[in-house]
Amino acid sequence: MRCISRVVIALSLALVTLAAAFPAFAAPKPGEAPAAAVSAAPQASLQLIISPSYTFPSAVAEVPAGLENPADNRFSLLYRLTISAEEIAAVSGIAPGCAGDVTLYQSDVIAPGHGAGRLSLSPLPDGRTLPRGAYRAAMIVQPVDLATGLPASEVYRVAIRVDVLAEDLAATAEDGGALPLSLYDREDAEARYLLVASALELRERAGLDLYPDGNGFEEKDTMVVLAEARANGTLTVAGLPAGAYTAWLIRQTDGQPPVAVARVALTVPSVLSGPPRSDGVLAGDANLGCAQAVINADYLLGIAYTGPQ
């Protein structure tokens, strides 16, 4: 996926150049003569070329870094992408297992005239990947002296937007069929969530024949609702034999097309009592929207990490 076009950030101009004074000599103390007559230390102009936002198909995908150190800079640069634990919890409803800032990416020290090629997100402290959502993050920029290799005292912080479009989840049904999935939604507390699987998946995995004749969709594109709940609710599945299934978590809001926010590796450790939902097989526009959402998310999750380039 592409990054939004890069920008050159500046201190003296709002979006053009970061400038800072890096004195070459310490000033003499009051009443003390300088050891030698020296001119005032020149001001070093520092330019930062940064992408203002990153869009990741999933948290394990990689994107162009869009980070450069212009050739006329007098310092090497170290870039570090961070996000606060509070922001992760606010967007996803999931605590990341720590407090303070979390580092999502750190570049090597980049010499003038060079850049970072690709960028991927590190796992969170608890080992999970960054959940789907739109996050406010920050790029921390540390200048490094070319001669000594020591970090300069000035550190710059640039606001960055990070979007993760889809995610992979794993869920094991508890006794009674409840699933430990977060259904938090900061923007719409009335959002509706569906857990769906294709009729083909349920036939091959569980021997359930739920494919209606003449519905106009192929069996693989016929979606069956396994559970549904409002935001902050609990999804509970029933009528499934023990086994492993590939399901999809669909988010629905009024006036918007459905979105598949996650692919779910669903494990049912024992047979769940009760028949499958009689109204679970979707048809018409409802099925079309969910099937298209699944196709979109499956494509995004297929754009995986390929390593540095």
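Which side chain is joined to the side chain of serine 153 by a polar contact?

A: The side chain of glutamate 154 is joined to that of serine 153 by a polar contact of 3.0 Å. A polar contact is a pair of N or O atoms within 3.5 Å; within protein, one must be able to donate a hydrogen and the other to accept it, and residues adjacent in sequence count only if both atoms are side-chain atoms. This is a predicted model, in which local features need pLDDT of at least 70, side-chain atom pairs count only at pLDDT 80 or more, and totals for chains, interfaces and linings use all residues. Residues are numbered from 1 along each chain as its sequence is written, and side-chain values use heavy atoms, with hydrogens and water left out.

Serine 153 lies in the loop between β10 (133-145) and β11 (156-172); strands are DSSP runs (E, at least two residues), numbered from the N terminus. Serine 153 counts as exposed because its relative accessibility is 69%, where exposed means over 50%, buried under 20% and partly exposed in between (1.4 Å probe, protein chains only). Proline 143 is 10 residues from serine 153 in sequence, and their C-alpha atoms are 8.2 Å apart.

In the whole chain, 43% of the 309 residues are buried.

Notes
Helix = DSSP H or I, 4+ residues; strand = E, 2+ residues; numbered from the N terminus.
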